[in-house]
Amino acid sequence: MSAPETTPAADPADRIPVMIPWLGEEEARAAADAVLSGWVAQGPRVAAFERAFAERVGAGHAIAVSSCTTALHLALVALDLGPGDEVVVPSLSFIATANAVRYVGAEPVFADVDEETGNVTVRTVDAVRTERTKAVIAVHQGGVPADVHALRAACDDWGTALVEDAACAIGATVGGKSVGQGALLAAWSFHPRKIVTTGEGGMLTTDDADWALRLRRLREHGMNASAAQRHASATPVLESYLEVGFNYRMTDIQAAVGLVQLGKLDEMVARRRALAARYDALLRDVPGLRPVRDPAYGQGNFQSYWVLLAEDFPLGRDELLAALARAGISARRGIMAAHLEPAYRGHPHAPLPVTGRISRDSLILPLFHTMIEAQQDRVVAALREEAAR
């Protein structure tokens, strides 16, 4: 059922965005200080951000890069994956997860997900793995942690590497510890839709010192001496290029912002969890909506607050998005499914019924640090009105 065409559009000035990064004067001053220092490329602030990030997530090493996509690419390069290899990934993820597999010439194999969490499980991975499976990428969907303890144990038994796509998961926990702690390789994002942002940017974490050394080379054209190291040396340093690398560097301006943002992380996660709890309470008596929740083994950061529509909800997901837009509310479709996109048309895959259901029937509601109760009440009122049609 569609909303009446006569429904007046909301004043654009009153529009509720789906997300606003929590940035302020402190980040602006940090970025300005980096500019005024004269060192704006990868340098001492990147190194400081790496140390702080590694300590925050409990990893031995953190390697700053230009995006989570490049972090995923480098993770698969570190695993020496290539043509003939298969990597099990969820189709239900931003398309970069599957694309990173293709960047190294390997084949992505799509696994279905659990309907409660949106994450791959031991069962869904086991259903599609083959003798050619060399790695699994588990995504912590929208900040809901995957059951990595179970997945790590299974991958160990199978002799398969487990990479964690933690793009959305900074501040989420598994068993009381940070997502990424104990991970073989974990990739992180600092896109503005994420809780900690540097504009663009990413991080790769690992406990393996040899991998960390190689990954730092690979992000910088394969050089054995970084620009910062050469600058700091009192004697000339002639760098060598030990292998074909990439230009995946983060700038010191980005890292300066990231250091400030990281210091706000606990406050940001606490605020988002409080807003999510309020949504839960307000939506409890709205029929046909099932909000995302914490799994039994961990806590999410509510980077995204999504709801799954019942199959008998009066409107389809896209119609509901349009109705919310007319009410001045910028919601978004839920997590995409790569196998439904033109880039993967014809790509063979096993049945993915849960992926299809979540991709078709979920939407992300506005949630941001500075959201006020009146805005949240407007979102709930609009949903309640549409549910009653």
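Me: What makes Phe49 count as buried?
Reply: Phe49 has 0% relative accessibility. Buried means under 20% relative accessible area, exposed over 50%, and partly exposed in between (1.4 Å probe, protein chains only), so Phe49 gets the buried label.

Me: What kind of model is this, and how are residues numbered?
Reply: It's a predicted model, where local features need pLDDT of at least 70 and side-chain atom pairs count only at pLDDT 80 or more, while totals for chains, interfaces and linings use all residues. Numbering runs from 1 along each chain as its sequence is written, and side-chain values use heavy atoms, with hydrogens and water left out.

Me: How confident is the predictor in the chain?
Reply: The average pLDDT (the predictor's confidence in each residue, from 0 to 100) is 95, and 97% of the residues score at least 70. Over residues 1-7, though, pLDDT is below 50.

Me: Back to the rings: why is the Phe49 and Phe190 pair called tilted?
Reply: Rings of Phe, Tyr and Trp (its six-membered ring) pair if their centres lie within 6.5 Å; planes under 30 degrees apart are stacked, over 60 edge-to-face, and the rest tilted. Here the centres are 5.3 Å apart and the planes sit at 45 degrees, so it's tilted.

Me: What does that pair tie together?
Reply: Phe49 is in helix H2 (residues 44-57) and Phe190 in the loop between strands E8 (185-189) and E9 (202-206), so parts 141 residues apart in sequence are tied together. Helices (H or I, at least four residues) and strands (E, at least two) are DSSP runs numbered from the N terminus. Phe190 is buried too, with a relative accessible area of 1%.

Me: And what makes Phe53 and Phe190 edge-to-face?
Reply: The angle: their planes are at 80 degrees and their centres 5.6 Å apart, so the pair is edge-to-face. Phe49, Phe53, Trp188 and Phe190 form one aromatic cluster.

Me: How do you know that Lys264 lies over the face of Trp22?
Reply: The rule wants NZ of Lys or CZ of Arg within 6 Å of the ring centre and within 35 degrees of the ring normal. Lys264 lies over the face at 4.3 Å from the ring centre.

Me: What makes Arg290 and Glu115 a salt bridge?
Reply: A salt bridge needs a side-chain nitrogen of Lys or Arg within 4 Å of a carboxyl oxygen of Asp or Glu. The closest N and O atoms of Arg290 and Glu115 are 3.1 Å apart, so the pair qualifies under that cut-off.

Me: Why is Arg290 called partly exposed?
Reply: Its relative accessibility is 30%, so Arg290 counts as partly exposed. Glu115, at 29%, is also partly exposed.

Me: Which label does Asp285 get, buried or exposed?
Reply: Asp285 has a relative accessible area of 54%, so it's exposed. Its salt-bridge partner is Arg384 (3.0 Å, N to O), which is partly exposed at 34%.

Me: What makes a residue part of a nonpolar core?
Reply: A core is a set of buried Ala, Val, Leu, Ile, Met, Phe, Trp, Tyr and Cys residues joined through side-chain atoms within 4.5 Å. The largest core has 80 residues, and Phe53, Trp188 and Leu365 are among those touching the most other members. Helix H10 (residues 265-283) supplies the largest share, 7 residues.

Me: Which residues does Leu365 touch?
Reply: Leaving aside residues up to four places away in sequence, Leu365 touches Val18, Tyr279, Leu283, Tyr305, Val307, Val379 and Leu383; contact means heavy atoms within 4.5 Å.
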